[in-house]
Amino acid sequence: MLPREILEAEFGDLVAKVSTSKPIEIASLTPTAVARIRDDNEDVFDDFDLALTSDKSTYRVNDLPVFSIRSGRDCHLTLINVEADGNGTVIFPNQFQQDNFLPAETEARFPGDEAPFQFRLKDPGTETVIAICNASGVEADGIEHDFKTRQFTPLGNYRDFLTRQIVVEGASKIAAGQKAAGSQVALKAKEAGSDDDQPGAGESGDTDSGDSEDTEVLARTAIKLVVR
């Protein structure tokens, strides 16, 4: 087990090694950075084919923001709100809106006009809203929902949550790599001992390449909200 200070110092390198995602540095967010406002005349797609825009650049306490999300591919959408103190909450999907499928080229609004709840900004500061698009439907970043007991899924300190997920994912990839390497060694040993043998019924010369990347994230983006 790595000491916490070493893990945090090497957090960015761990992300690059075990994931295609880019870390979001919550601590570096400043009140001068504002949310993107939707302009009907602009191209809303960014480099990752996932666009997240807000209806305002700045807000006041108790304002009710509305977000627009659009993806260039079919995906399952997760929205996470990170408050100024660093605590994160999954705001979509939620107990009221559990189906998070987002068709390609279709704009979704959160909260929707028919949503049975409101998303209210409670405290002044800079908040971050993160959008994650994922093809498989598996919960993004290993998030586990329990909509029977919670309307929204709390994540606690978001940086700590991401650190835990990177460590778990990294350990899984290392284990899968060791398994694949062991299979290759065993296969080569078998081939060296019986060069003339051919795979029989029910056998194959191919090795198991490990689990499929069902949790691969297609896109991830974020905006910052200034609350005065």
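## Close-up views of a predicted model

A search of the whole structure turns up one disulfide. Everything shown here comes from a predicted model, and the legends below take it one view at a time.

**View 1. The disulfide between cysteine 75 and cysteine 133.** The two sulfur atoms of cysteine 75 and cysteine 133 sit 1.9 Å apart. Cysteine 75 belongs to strand E4 and cysteine 133 to strand E8, so this pair ties together parts that are 58 residues apart in sequence. Are these two cysteines buried or exposed? Both cysteine 75 and cysteine 133 are buried.

View 2. Walking from the N terminus, the order of elements is α-α-β-β-β-β-β-β-β-β-β-α-β. The protein has 228 residues, and 33% of them count as buried. Among contacts with a separation of 6 or more, 70% are between residues 24 or more positions apart.

View 3. Mean pLDDT for the protein is 73, with 56% of its residues at 70 or more. Residues 26-34 have a pLDDT below 50, and the model gives this stretch 13 contacts beyond near neighbours in sequence. Another stretch to watch is residues 41-47, where pLDDT stays under 50 and the model has 14 contacts beyond four places in sequence. Where pLDDT is low, the predicted coordinates should not be read in detail.

**View 4. Strand E3 and its two partners.** Which strands pair with E3? One of them is E1: E1 and E3 run antiparallel and share five bridges. In that pairing, leucine 52 stands opposite isoleucine 69 of E3. E3 is also joined to strand E7 (residues 108-110), again in the antiparallel sense, by three bridges. Look for phenylalanine 67 here, whose bridge partner in E7 is phenylalanine 110. E3 is mostly covered, with four of its five residues buried.

**View 5. The largest nonpolar core.** In soluble globular proteins, nonpolar side chains tend to be buried together. The largest such core in this model has 23 residues, and the ones touching the most other members are Leu52, Phe67, Ile69, Leu77, Leu79, Phe110 and Leu225. At least two core residues come from each of strand E1 (50-54), strand E3 (67-71), strand E4 (75-82), E5, strand E8 (125-134) and strand E10 (217-227). Which element gives the largest share? That is E10, with four residues.

**View 6. Asparagine 94 in its loop.** Asparagine 94 is found in the loop between strand E5 (87-92) and strand E6 (101-102). Why is asparagine 94 called buried? Because its relative accessibility is 0%, and the cut-off for buried is under 20%. Leaving out neighbours within four places in sequence, the residues in contact with asparagine 94 are Phe110, Phe117, Phe147, Gln151 and Phe152. A polar atom of the asparagine 94 side chain also lies 2.8 Å from the backbone oxygen of isoleucine 91. As for histidine 145, 51 residues away along the chain, its C-alpha atom is 8.3 Å from that of asparagine 94.

**View 7. Two cis peptide bonds.** Most residues other than glycine have a negative phi, and most peptide bonds are trans. Here, though, a cis peptide bond joins phenylalanine 92 and proline 93, with omega about 0 degrees. Proline 93 sits in the loop between E5 and E6. A cis bond also links phenylalanine 110 to proline 111, where omega is about -15 degrees. Proline 111 has its place in the loop between E7 and E8.

View 8. Asparagine 62, in the loop between strand E2 (58-59) and E3, has a positive phi, near 80 degrees. With a relative accessible area of 45%, asparagine 62 is partly exposed. Over in the loop between E6 and E7, glutamate 105 also has a positive phi, near 60 degrees. Glutamate 105 is partly exposed too, at 43% relative accessible area.

Notes: Residues numbered from 1 in each chain as written. Heavy atoms only, no water. Buried < 20%, exposed > 50% of the residue type's maximum accessible area, 1.4 Å probe, protein only. Contact = heavy atoms within 4.5 Å. Polar contact = N/O pair within 3.5 Å; in protein donor to acceptor, adjacent residues only side chain to side chain. Core = buried A, V, L, I, M, F, W, Y, C linked by side-chain atoms within 4.5 Å. Pairing = 2+ DSSP bridges. pLDDT = per-residue confidence, 0-100. Disulfide = S-S within 2.5 Å.
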